[in-house]
Amino acid sequence: MNRQQPSPMPSHRYRDIFAKVPVAPVDRTWPDRRITAAPLWVPVDLRDGNQALAEPMDPERKREFFELMVAIGYKEIEVGYPSASQTDFDFVRLLATSDLVPDDVTIVVFTPARPDLIARTVESVAGMKGDVVIHMYAATAPVWRDVVLRKSRDELASMIYAGSEEIQRLAGDSVRFQFSPEVYNLTEPDYVLKLADRLTKQWDAAPERPVILNLPATIEAATPNVYADQIEYMHQNLPRRDGVILSVHPHNDRGTGIACAELAVLAGAQRVEGCIFGNGERTGNVDIATLALNLHAQGVDPMIDFSDIDGIRAVVEHCTRMPIHPRHPYVGELVYTAFSGTHQDAIRKGFAVQDDGLWEVPYLPIDPADVGRGYEAVVRVNSQSGKGGIAHVLESVYGIKLSDEREFARHVQRRTDETGREATASELKALYEEVYGCSN
Ligand code: KIV
Ligand code: ZN
């Protein structure tokens, strides 16, 4: 057997998470739990997603995106960072002075813990009807404290308390409060607990008027089980727990944002922030469409409507000016398609016995029709394909039943090997007529 060799990569320059931050001492229960209900989804496409675009959304795009989010059923939407740009400020003013916000939708605006920027943020939401959340953040992890902010734990805590008091002074009871210790996943858990204790006391956190504590994995830094432990630690130890909505905000640097969000929900998170198809800084925010449709695929109502996924995709691509990958879960062009012969054969057999009851078609985790897709693309033929797939295409598209599937597959194989290309349904039909005439 061949042995793997040490690589020339400078891996010694990195440390794992446990060398950077104390372990959250948790009596974990999340591994034995199941997700049985959707968390509250909060899209941050218009803030975090927008901040990551080469060309941030103009007012028309912001509005189109906002209307899409309302239409598909989001009930809490982060709409911008009004102190950071005039476009964001004006957009929040548009929402406050028009009837674009339905009564049952809560608007969230984002601000750093700085008095001048807080004042501008509060000004932006004046007159907004319905629930408004002011979301204040400050980076709390040691590297950010030491290198970026140059503040001790106590100095930073004072800045955070002052910001929170300023919001209360300026906005009083007209808003709810959200706090994010940015880079929570690399912050000492006891420090965040202390901050949360003081902030929830100050806001008198109660079930009727809860404070949102949002715990971001701003940069993914560990396997998802570690994040789940960090969330369960807060879930178990937070004072005034019933007056707090525990929220998570995973990014996707290690490609495990989805797993982090799902395990965090098992660990007690009630609210998940992300972007519809995972736009966001670097590798993106966690992808809410995938999270929601993962629930759908296990029989849990996602409480959000992706039944026209291609319509949603068109708006998202237009507004972000970014294409969606053909293999992107649930929405990519190729994700309900089989090219390989064995998969095609199994799908064909699955369709043959499928009724309107439980969905059990091999290799198709959900019925493409649930998200508004047809069945034409489910089987596509190239040199990897087999007789079952070829017969399925001719039969489903043209009603042609082959008398000898194996023989015709040999003709197709020869043709696709020669061309190296996919054979479309109409090319298969033309070949069929060439081989058998029209009367077979
Ligand atoms: O990723 C992040 O930490 C954020 C905020 C919630 C601060 O976008
Ligand atoms: Zn973020």
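In which loop does Val 286 lie? I began with that residue and found Val 286 in the loop between strand E8 (271-274) and helix H10 (288-296). I note here that the model is predicted.

**Entry: Val 286**

**Entry: the shell around ligand 1**

I turned to ligand 1 and asked which pocket its space makes up. The space that ligand 1 takes is the largest pocket. I looked up which elements give two or more residues to the shell, and they are helix H1 (45-51), strand E4 (132-139), strand E5 (176-182) and strand E6 (211-217).

I listed the residues around ligand 1 next. Among them are Arg 47, Phe 110, His 135, Tyr 137, Ser 180 and Glu 182. The list also includes Asn 214, Pro 216 and His 251. Sorted by class, the shell has three nonpolar, six polar and three charged residues.

**Entry: polar contacts of ligand 1**

Asp 48 has a side-chain N or O atom 2.9 Å from an oxygen atom of ligand 1. For Thr 218, I noted 2.6 Å between a polar side-chain atom and an oxygen atom of the ligand. For His 249, the distance from a side-chain N or O atom to an oxygen atom of ligand 1 is 3.1 Å. How much of ligand 1 does the protein bury? Ligand 1 taken alone exposes 260 Å², and the protein buries 96% of that.

I checked backbone angles for positive phi in residues other than glycine. Arg 150 has a phi near 55 degrees. I located Arg 150 in the loop between helix H5 (142-149) and helix H6 (153-171). Its relative accessibility is 68%, and exposed means over 50%, so Arg 150 counts as exposed.

Tyr 363 is not a glycine either, and its phi is positive at about 70 degrees. I found Tyr 363 in the loop between helix H12 (341-353) and helix H13 (387-398). Is Tyr 363 buried, exposed or partly exposed? At 49% relative accessibility, I recorded Tyr 363 as partly exposed.

Note on methods:
Residues numbered from 1 in each chain as written. Chains lettered and ligands numbered in written order. Predicted model: local features only at pLDDT ≥ 70, side-chain atom pairs only at ≥ 80, totals over all residues. Heavy atoms only, no water. Near = heavy atom within 4 Å. Polar contact = N/O pair within 3.5 Å; in protein donor to acceptor, adjacent residues only side chain to side chain. Areas by Shrake-Rupley, 256 points an atom, 1.4 Å probe, with all protein chains shown as cover. 1 Å grid on protein atoms, 1.4 Å probe; cavity = no way out; pocket = protein on both sides within 12 Å on 5 of 7 lines; lining within 4 Å. Sits in = over half its atoms within 2 Å of the grid points. Helix = DSSP H or I, 4+ residues; strand = E, 2+ residues; numbered from the N terminus. Nonpolar A, V, L, I, M, F, W, Y, C, P; charged D, E, K, R; others polar. Buried < 20%, exposed > 50% of the residue type's maximum accessible area, 1.4 Å probe, protein only.
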